[in-house]
Amino acid sequence: MSADTTYEVIAVRYGTRTASKAEVYLNYSTYGEPDEPLRMDYYCWVARNATRTVVIDTGFGPVGGARRRRTTLVPPVAALARLGVDAANVRQVIVTHAHYDHIGNLAAFPAAEVIIARREFDFWTGPYARRQQFAWSTEAAELAYLSDIDRQGRLTAVADAAYRVAPGIDLLTVGGHTPGQVIVLVAVAGGGQAVLASDAVHYYEEIERDRPFAFVADLEAMYRGFDLLKEIIGEPGRLLVPGHDPEVMGRFAPLAGAPTGLAVRVG
Ligand SMILES: [Zn+2]
């Protein structure tokens, strides 16, 4: 593949907190194991080459983060700036799902086409989004802003299960965690592919031990998403990047030139 259809893929760690396994895994008591602390890190991702920069999720905003007592290490937009990504000039943002820690800061991307699954947009602008078990993971103002983006004509709501954002960047809608959760597949140099699972899989352990996450819209779809991801990463050259695992920072090499601990290069 040519340089225009492969990308440098970066995971940017902008926040953190200490959670516990019982908080993170659905019905953890069914596994008969003691609870223990589990760090949860917060990321956004960048896919870029000489002609295109795509930002995948925009992190939590100051209000959404503070309300849930999350630790901001570097505000996401500032973190991107340190990597040479100017939010104001980004032309494409993929929203993997509409939870507060993935769509905060969208207002800092006024020039971007925002790409989201149709099912995700319809759900969060529909009546059930306001019920507590769904609403807790969102900020009303941020969901309203998604509708603003739609009115501005900048929203692309993807109806098909598979969608090509750009040559070498593909979305698959899997649902499960949220009604329209997507994963993002990005071609990298050397014939490989970064598999940005976002919250289809928060932790490597989640897929390795087949343990669904505590917050789930459709459990069957979540398990189906695990199966699909296992199939995808079973192929050579596939690099799985879960949405919240601190291990991502250790499995991949630090991004050259980036501040220590801020970013790794997936491919
Ligand atoms: Zn998340």
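Asn 27 counts as exposed because it has 10 C-beta neighbours inside 10 Å; a residue is termed exposed with 12 or fewer other C-beta atoms within 10 Å of its own, buried with 20 or more, and partly exposed in between, the C-beta atoms being placed from the backbone. Although not a glycine, Asn 27 has a positive phi of about 45 degrees. Asn 27 lies in the loop between helix H1 (21-24) and S2, helices (H or I, at least four residues) and strands (E, at least two) being DSSP runs numbered from the N terminus. Asn 105, also not a glycine, has a positive phi of about 70 degrees. Asn 105 is buried, with 25 other C-beta atoms within 10 Å, and is placed in the loop between helix H4 (100-103) and strand S6 (113-117).

The model is predicted: local features require pLDDT of at least 70 and side-chain atom pairs pLDDT 80 or more, whereas totals for chains, interfaces and linings use all residues. Residue numbers start from 1 along each chain as its sequence is written.

Five strands make up an open sheet of mixed pairing, in the order S8-S9-S10-S11-S12; strands pair if DSSP finds at least two bridges between them. Strand S8 (162-166) and strand S12 (238-242) are the edges, each pairing on one side only. S11 and S12 run parallel and are joined by five bridges. Ala 194 has Leu 239 in S12 as its bridge partner.

Helix H9 (residues 219-233) lies across S10, S11 and S12 at about 165 degrees to S11; axes are lines fitted to C-alpha atoms, for helices over the stretch in contact, with angles from 0 to 180 degrees between N-to-C directions. The buried residues of H9 are Met 222, Gly 225, Phe 226 and Leu 229. They are on the same side of H9 because they cover an arc of only 105 degrees around the axis, taken from the directions from the helix axis to the C-beta atoms. These buried residues pack against strand S10 (182-187), strand S11 (193-198) and helix H8 (204-208). The face turned away from the buried side carries the exposed residues Glu 220, Asp 227 and Glu 231.

The largest nonpolar core has 69 residues; such a core is a set of buried Ala, Val, Leu, Ile, Met, Phe, Trp, Tyr and Cys residues joined through C-beta atoms within 7 Å. Its members touching the most others are Ala 11, Val 12, Trp 45, Ile 183, Val 186 and Leu 196. Strand S2 (residues 37-48) contributes the largest share, six residues.

Key. The expected span of a helix is 1.5 Å times one less than its number of residues. Two residues are in contact if their C-beta atoms, placed from the backbone, lie within 7 Å.
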